[in-house]
Every structure is written in structure tokens, then in C-alpha cells.
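Here is a brief report on one chain. Look over the sequence and the model, then read on.

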Amino acid sequence: QVQLVEPGGGLVQAGGPLRLPCAAPGRTFSSHAMGWFRQAPGKEREFVAAINWSGASTSYAEFVKGRFTISRDNAKNKLYLQMNSLKPEDTAAYYCAADPTTVVTGPIGYWGQGTQVTVSS
């Protein structure tokens, strides 16, 4: 059963912006921590950004600080990742995640199916 859906993604030129949405049809995640991960070909999945249930606290991987912004709209049951100044090395499949406690460490309860982001040079 699909819990999280990432309908965005696509091809973008280096230096450009892209916003990824994550939706949770049929289920509310307003009390869950949520986040984004990514996995490039031949590499392990890595943490990108996280946000607490209220949106008051966020954290980022060093390689996206200052370029990416995570946000959420609990009224719409949606999570977003605004990506600016994209680089070719940002090319990866991006995954939305949610958990009742945290997505920064430990097992994560819910995952999206992933969406491909390709940054051309």
C-alpha cells in the first residue's frame, strides 16, 4: 500500500531550481517527522533534509546547506523540497520519508517510491 507519493522530479539544467512535493493520499502525517533522502546510481541512499512535525525545526546534510529548503504544509498534508543552484552531482532518485519519531536516525516507518532528478551540465 502506497503511503507517500512524490509526483515531481525531472530534468533541469545546472544552476536551476526544482521543487519536489510529497503527498500522503489517504493518510495524515501531520504528527510525524518527515524528510528527504536520495540515492545516486552505484551509491547508498543518503540523508538530505529533515523537518519536525510542526515545521519549527529543520536539519540538512552539509552538501545541500544554503541551496535546499525543506518545508511542510500540514493543512494540505504535503512536504516539499525546494532545490536551488542545482549541480550535476545532485542527480539521484529522491525519496520522501516519514516516521512518528525521527527520520535522521534509526529505522524509518514510511517511504515514498522515489522520483528521479537529473541535473544536466
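Which backbone oxygen does the side chain of R67 reach?

## Basis of the model

This is a predicted model: local features need pLDDT of at least 70 and side-chain atom pairs count only at pLDDT 80 or more, while totals for chains, interfaces and linings use all residues. Residues are numbered from 1 along each chain as its sequence is written, and side-chain values use heavy atoms, with hydrogens and water left out.

## R67

The side chain of R67 reaches the backbone oxygen of F63 at 2.9 Å. A polar contact is a pair of N or O atoms within 3.5 Å; within protein, one must be able to donate a hydrogen and the other to accept it, and residues adjacent in sequence count only if both atoms are side-chain atoms.

R67 sits in the loop between β5 (58-60) and β6. Strands are DSSP runs of E with at least two residues, and helices are runs of H or I with at least four, numbered from the N terminus. R67 is buried, at 10% relative accessible area. Buried means under 20%, exposed over 50%, and partly exposed in between (1.4 Å probe, protein chains only). Not counting residues up to four places away in sequence, R67 touches Q82, M83, N84, S85, L86, K87 and D90. Contact here means heavy atoms within 4.5 Å.

## Positive phi

S85, one of the residues that R67 touches, has a positive phi of about 50 degrees, although it is not a glycine. S85 belongs to the loop between β7 and β8. It is partly exposed, at 41% relative accessibility.

N77 is a non-glycine residue with positive phi too, near 55 degrees. Its place is the loop between β6 and β7.

## Nonpolar core

The largest nonpolar core has 35 residues. Such a core is a set of buried Ala, Val, Leu, Ile, Met, Phe, Trp, Tyr and Cys residues joined through side-chain atoms within 4.5 Å. L4, M34, W36, L81, M83 and Y94 have the most contacts inside it. Among the strands that each supply at least two core residues are β3 (33-39), β7 (78-83) and β8 (92-99).

Leaving aside neighbours within four places in sequence, L81 is in contact with L18, R19, L20, W36, V48, A49, F68, T69, I70 and Y94.

## Disulfide

The count is 1 disulfide, a pair of cysteine sulfur atoms within 2.5 Å. C22 and C96 form it, with sulfur atoms 2.1 Å apart. C22 is in strand β2 and C96 in strand β8, 74 residues apart. The link is left-handed, at -75 degrees about the S-S bond. C22 is buried at 2% relative accessible area, and C96 is buried at 0%.
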